[in-house]
Amino acid sequence: MSVRADTMTSRRGAEAHRPLLAVLHEWVVTVDHKRLGVMYVVSGLVFLVVAGLEASAMRLQLAWSGLHVVPPGTFNQLFTMHGTTMVFLVGIPIVFGFGNYLVPLMIGARDLAFPRLNAFGFWIFLFGGLLLHFSFLGGEGLYGGGAAPAIGWFAYAPLTERAFTPGNATDYWNLALLVAGVGTVATAVNMVTTIFTMRGPGMTLGRMPVFVWEIATISWLTLIILPPLTAAQIMLLLDRFLGAHFFDTQAGASAVMWQHFFWFFGHPEVYILMLPGFGFASEIIPVFSRKVLFGYATLVAASAGIGLVGMSTWAHHMFVVGMGSTLNAAFAASTMLVAVPTGVKIFNWLGTMYGGKIRFGTPMLFCCAFLFQFLCAGLTGIMLSVAPFNWQLSDSYFVVAHFHFVLIGALLFTIFAAIYYWFPKVTGRMLSERLGRWHFWLFVIGFNTTFLTMHVPGMLGMPRRIYSYPADRGWEIWNLVVTLGLPLQIIGILIFVINIVISLRRGTPAGDDPWDAWTLEWATTSPPPVYNFEVVPVVSSRRPLWDLKHPDDPDGPHE
Amino acid sequence: MRRLTCRLLLVATTVAIFSTSPATAGDNGVVQTPSIFTPASTPAFAIRELALIVFGITGVIFAVVAGLTVYALMRFRRRRGDDGREPPQVYGSRQIELAWTVVPILIVVVLFLVTARYIFAIERRAQLPEALEVTIVGHQWWWEIRYPKLGIVTANELHVPVSDPARPTPTFITLQSADVIHSFWIPQLAGKMDVIPNKTNRIWIDPQKAGGYVGQCAEYCGLQHAGMLLIVAVQTKEDFAKWVAQQQAPARIDAEVRAGRELFSSLSCINCHAVRGTSANGVFGPDLTHLMSRRTIGAGVIQNTPENIRSWIDDPASLKPGALMPAMKLSRDDLDKVTAYLLALR
């Protein structure tokens with residue numbers, strides 16, 4: 001143990017002495033899935049901070065009625081950029097970044113199937129994200145239509161037509177997402193190929209860690225649902241630049257068509273983000289409960305089920321467009337059906353914890369909060385699937401609260417859990433548990449102050465995307481409480497950043513397997529060598545390291 | 001660093017709190033919180049009923065699952081003095097997993113049947129011959145309100161008669177848009193319905209208590225999405241009849257404001273605004289025939305007072321940034337004249 005730590009320290013020392021430019025060059029030209037994974041996650045976290053600052057400005061503006069923190073146009077740009085950034089530049093790179101880093105390690109491969117495509121995917125994603133943010137400077141265009149786009153992250157037609165959004169801001173949104181989407185598809189192709197053709201000896205599909213299953217599922221989903229969005233964006237491009245009329249209602253087009261295109265992508269997109277979160281929980285909860293995952297097969301089937309059923313629920317975002325009763329009922333049914341596999345997952349995690357010996361390390365703390373918050377998110381999801389109830393709640397602050405419970409309360413919490421869990425593997429050093437606990441408690445209290453409360457103004461009739469509201473609606477006190485949760489979350493994030501910076505330099509050396517875990521990535525050194533494994537291990541069950549640690553009672557016969 | 005951030009936040013909050021603006025003052029006479037739990041019309045009553053059922057079901061699910069989770073976390077935490085041995089490994093159980101798949105399916109089936117019933121009951125309601133018909137056209141950023149059978153055109157304030165549950169006189173509303181997508185939402189009267197260009201949507205209400213109900217556009221529609229408010233004035237049958245008669249009357253021709261009237265019809269005002277019975281017949285902006293019968297201007301963002309009318313004509317963007325009406329750049333004298341004319345349009 002100590003020997004290994006020493007060699008690691010000296011290697012790091014050697015790296016520190018090389019000129020910065022050489023190190024930088026190495027990162028820029030790398031095709032190593034681990035480095036690209038780290039770059040994905042880090043750029044996702046940087047965009048998270050940007051989007052968080054945008055959200056903070058909005059919350060200050062809405063803290064009371066009639067405030068003037070930001071002007072109306074800026075507010076509209078802020079929520080557009082916040083939403084777009086969070087979904088496309090935070091959620092996607094972080095989950096695919098973890099996939100990048102972990103999938104080859106977990107299945108016993110030396111890299112992804114197409115390392116150069118992988119590098120291409122990352123850089124095109126990054127430049128897509130930068131292009132979007134460049135709109136803050138360059139969006140004025142010829143007609144002075146404002147800087148950043150102000151069309152909402154779902155960019156409903158016909159507001160996106162030239163008649164209503166002149167200038168280039170909307171084009172920045174459109175082109176940036178087209179570009180970033182290329183990267184996402186490249187990564188998805190890479191993941192599918194790697195998972196289905198490059199597994200190590202003995203690693204059958206049925207022995208893959210759940211996280212790998214989730215990445216396989218979302219990669220397939222990406223390949224199916226992203227092309228319709230791309231097609232719609234190209235149509236919008238034609239509308240705006242060549243005078244086509246795909247979404248030009250003044251020339252007789254249908255405004256609802258964009259919504260079908262968009263939500264056929266947009267809804268499964270939520271599952272693309274959330275399923276890896278389930279994957280994190282399914283890796284971390286068993287290790288910290290010291291028990292094998294309860295019902296592996298059902299859990300994997302539930303993921304596939306969510307992916308499949310999830311593709312038939314998109315129009316529940318459109319219960320208020322006047323689809324007619326039959327379609328409303330059909331989409332209510334398909335949406336409610338998603339609750340079944342989702343519920344199964346929660347029960348499986350419960351079954352895993354039941355009878356275990358639960359250690360409350362920071363990763364597990366985040367998973368515990370995830371369980372409760374995801375339960376809330378699921379139940380408000382059921383409320384929203386009840387179409388008539390949805391006619392009241394849709395486009396209100398209730399919906400905003402609901403999807404923040406999904407994407408922050410569930411997804412971001414599992415991402416934090418994953419960072420605390422795999423940071424030792426990536427860097428060779430542990431994150432501080434003490435700072436981790438501060439981060440956790442501040443964030444969990446701040447998050448719930450903000451987003452539990454946010455359900456209320458929605459039910460009191462407050463629509464979303466308004467930069468201000470009249471003083472006499474009775475919404476002020478609720479909005480003030482919502483805003484008061486913000487500083488707690490900001491301090492939590494600051495502590496998280498400080499934790500990372502300090503631990504990178506002075507964290508306790510982690511060793512290969514600090515959590516006494518069972519999946520393959522813990523069998524190699526921390527950080528793993530470029531080639532991942534000196535000898536690719538032969539696998540004979542779902543928990544190869546359990547078999548190694550318990551030769552008297554291996555998993556194989558029980559599966 | 002952290003202290004600096006905190007201080008900046010504090011300063012920003014303080015500044016923001018004390019710089020409140022009159023630009024978003026509502027109509028104090030009528031406003032009550034538009035809660036979906038204080039309904040006043042059948043669709044909203046039905047939705048509240050359904051919401052309570054759903055709250056009941058999800059509440060029980062929450063109690064059971066959260067309770068089990070808390071129990072598992074408390075009961076199975078690692079104790080002090082643990083022997084370090086791994087607990088028994090349980091790989092799954094077909095019966096248990098089947099049970100927790102089937103039970104949610106049953107709940108979903110019940111919930112779906114209930115939901116479908118309410119969908120059809122609300123949406124498939126047949127229109128009665130005595131129903132009032134209204135057409136509402138969404139504009140950036142105001143509501144055009146037409147009563148095709150009564151020959152009335154107004155804006156931003158929907159007047160409807162109260163509906164007696166024993167002999168209902170509902171209002172059936174046709175929703176259309178002149179530009180982008182808006183959404184019509186009066187939480188106490190019905191769920192929302194989008195207002196979509198090139199698509200005609202229908203919605204109905206039957207408010208059972210006289211009074212004022214507020215709502216606002218619920219679909220992001222551009223710069224002043226927040227400034228697109230709507231008031232529904234629910235009146236007794238007699239009051240409504242009076243209001244109809246008053247609205248049907250032609251615009252008042254007041255000799256005192258002749259100068260203002262002539263100025264008005266010589267300016268570009270008439271390209272966008274209509275005053276029935278005059279040469280002003282624009283349709284881009286709100287009909288002004290009975291402007292002074294309305295409580296607010298600018299789609300609810302300010303009270304309809306003489307000073308506000310004057311400032312609005314002078315520079316609408318100062319009261320509602322982004323409003324599509326241009327600043328008229330009139331001399332103070334002309335401004336007074338046009339204001340006087342509009343104030344006479346009762």
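Start with chain B and pick out its open sheet: five strands in the order S3-S2-S1-S5-S8, with mixed pairing. Strands here are DSSP E runs of at least two residues, helices are H or I runs of at least four, and both are numbered from the N terminus; two strands pair if DSSP finds at least two bridges between them. Now colour strand S3 (152-155) and strand S8 (201-205) of chain B: they stand at the edges with a single partner strand each, so one side of each has no neighbour in the sheet. From one strand to the next, the twist averages 25 degrees (angles run from 0 to 180 degrees between N-to-C directions of lines fitted to C-alpha atoms).

A word on what you're looking at: this is a predicted model, where local features need pLDDT of at least 70 and side-chain atom pairs count only at pLDDT 80 or more, while totals for chains, interfaces and linings use all residues. Residues are numbered from 1 along each chain as its sequence is written, with chains lettered from A and ligands numbered from 1 in the order written.

Next, select residues 132-139 and 142-147 of chain B, which are S1 and S2: they run antiparallel, joined by five bridges. Show Ile136(B) and you'll find its bridge partner in S2(B), Ile145(B).

Now hop to chain A, with 16 helices and zero strands. Its C-alpha trace spans about 70 × 55 × 45 Å along the principal axes. Colour by burial, and 62% of its 559 residues come up buried (20 or more other C-beta atoms within 10 Å of the residue's own, with C-beta atoms placed from the backbone).

Terms used
Buried ≥ 20, exposed ≤ 12 C-beta atoms within 10 Å, placed from the backbone.
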